[in-house]
Amino acid sequence: MKSAIVVFPGTNREQDMAEALEMASGRPPAMVWHRDSALPEADLIVVPGGFSYGDYLRAGAMAAHSPVLRSVAEAAQRGVAVLGVCNGFQILVEAGLLPGALLSNASLKFVCRDIGLSVANGGTMFAACYEAGQVLRMPVAHHDGNYFADTDTLDRLEDEDRIAFRYAPLDGEGADRFNPNGSVRDIAGIYNGSGNVLGMMPHPENAIRADQGSTDGRGLFAGLAAALG
Amino acid sequence: MRARVHVTLKPGVLDPQGKAIAHALEALGFDGVADVRQGKYIEIDLKDGPGSDGSAGGAEARVSEMCEKLLANTVIENYRVEIEA
């Protein structure tokens, strides 16, 4: 699997993502600077977390209109796999590659902790190593992760099996606490209509080593590496 | 020419900042605040020349396009454009 990571001013999780991709595929990803309008040939393009352009105007809004994102959109159109994590999810939503929007957390606080993540659809290349209903442990670290879409869009996402992950209680966690940001219908990640674009708020790249408290994120990258060669 | 752009959350979209402001006003003793919705206000000074036909209508159309493409996220926000000659 050849992969590329898109880097903006203010991106800060690109090295964590590179480590996870290299661990799964045995190859270091290409790092693509936001001014580059040409992407290297890749089976997977990742838009990682951080605070691109300082989250000015709205989280992800500036990056969504950068030249490199046009190339990402074109690649996604051709069927190339695209993964957006955290700020990357916000960017893909702002760019219109995924429906809905990410609002400020309902608590108005930056939330940085482990959450439970239930696999809603286990039948995709992103989730090939997981079972539907399995609850994974991964960290979230965001201020604007409160997924919102109108009721028609939400119903369509559910009908088309495009909810990737939902927040779910970890062992012993109360029903009032497991959703860290107020996301509607507990949505933590969604797919596009063709299933080749995934956006998610939690950080699988920060759950790949035992010293991080969880290795549940490995499966996502392993699934992609298996599917994309 | 100057454009004044108001960007506001659509009805039904949760506004936790507006709620926090409402609570703060209540705590300060301001009675009678039923609800607060917070938005953004943007001023844009427009240049004459290419892209402008000098008319207020043309400016409004241009700024509306800016709102659609960048200034507002129309999934969650409405916008209103005023042109000041």
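**Close-ups of a two-chain model**

**View 1. A salt bridge links the two chains.** The side chains of A:Arg58 and B:Glu77 pair up in a salt bridge, with 3.7 Å from N to O. This is a predicted model, so read every close-up here with that in mind. The count of salt bridges between chain B and chain A is 1.

View 2. Three elements of chain B each put in at least two residues: helix H1 (16–27), strand E2 (40–45) and helix H2 (56–71). Sorted by type, the residues on this side of chain B come out as 10 nonpolar, 3 polar and 3 charged. Counting both partners, 16 residues from chain B meet 14 residues from chain A. Together the chains bury about 1200 Å², and 71% of that sits on carbon and sulfur atoms.

**View 3. A:Asn105 sits in a loop of chain A.** Look for A:Asn105 between strand E5 (101–103) and strand E6 (111–119) of chain A. With a relative accessible area of 0%, A:Asn105 counts as buried because the cut-off is under 20%. A polar atom of its side chain lies 3.0 Å from the backbone nitrogen of A:Gly145. Setting aside neighbours within four places in sequence, the contacts of A:Asn105 include A:Phe110, A:His142, A:His143, A:Asp144 and A:Asn181, and B:Pro16 from the other chain is also among them.

**View 4. Helix H6 of chain A has a buried set of residues.** In this helix (residues 218–228), the buried ones are A:Gly219, A:Leu220, A:Phe221, A:Gly223, A:Leu224 and A:Ala225. Their cover includes helix H1 (14–25) along with strands E3 (44–47), E4 (81–85), E9 (163–168) and E11 (197–200), again from chain A. Just past the end of H6(A), A:Gly229 adopts a positive phi of about 80°.

View 5. Zoom in on A:Leu117 and, leaving out residues up to four places away in sequence, you'll find it touching A:Val135, A:Leu136, A:Met138, A:Phe165 and A:Met200, among others.

Technical notes
Residues numbered from 1 in each chain as written. Chains lettered and ligands numbered in written order. Predicted model: local features only at pLDDT ≥ 70, side-chain atom pairs only at ≥ 80, totals over all residues. Heavy atoms only, no water. Contact = heavy atoms within 4.5 Å. Buried area = accessible area lost by both parts, 1.4 Å probe. Salt bridge = Lys/Arg side-chain N within 4 Å of Asp/Glu carboxyl O. Helix = DSSP H or I, 4+ residues; strand = E, 2+ residues; numbered from the N terminus. Nonpolar A, V, L, I, M, F, W, Y, C, P; charged D, E, K, R; others polar. Buried < 20%, exposed > 50% of the residue type's maximum accessible area, 1.4 Å probe, protein only. Polar contact = N/O pair within 3.5 Å; in protein donor to acceptor, adjacent residues only side chain to side chain.
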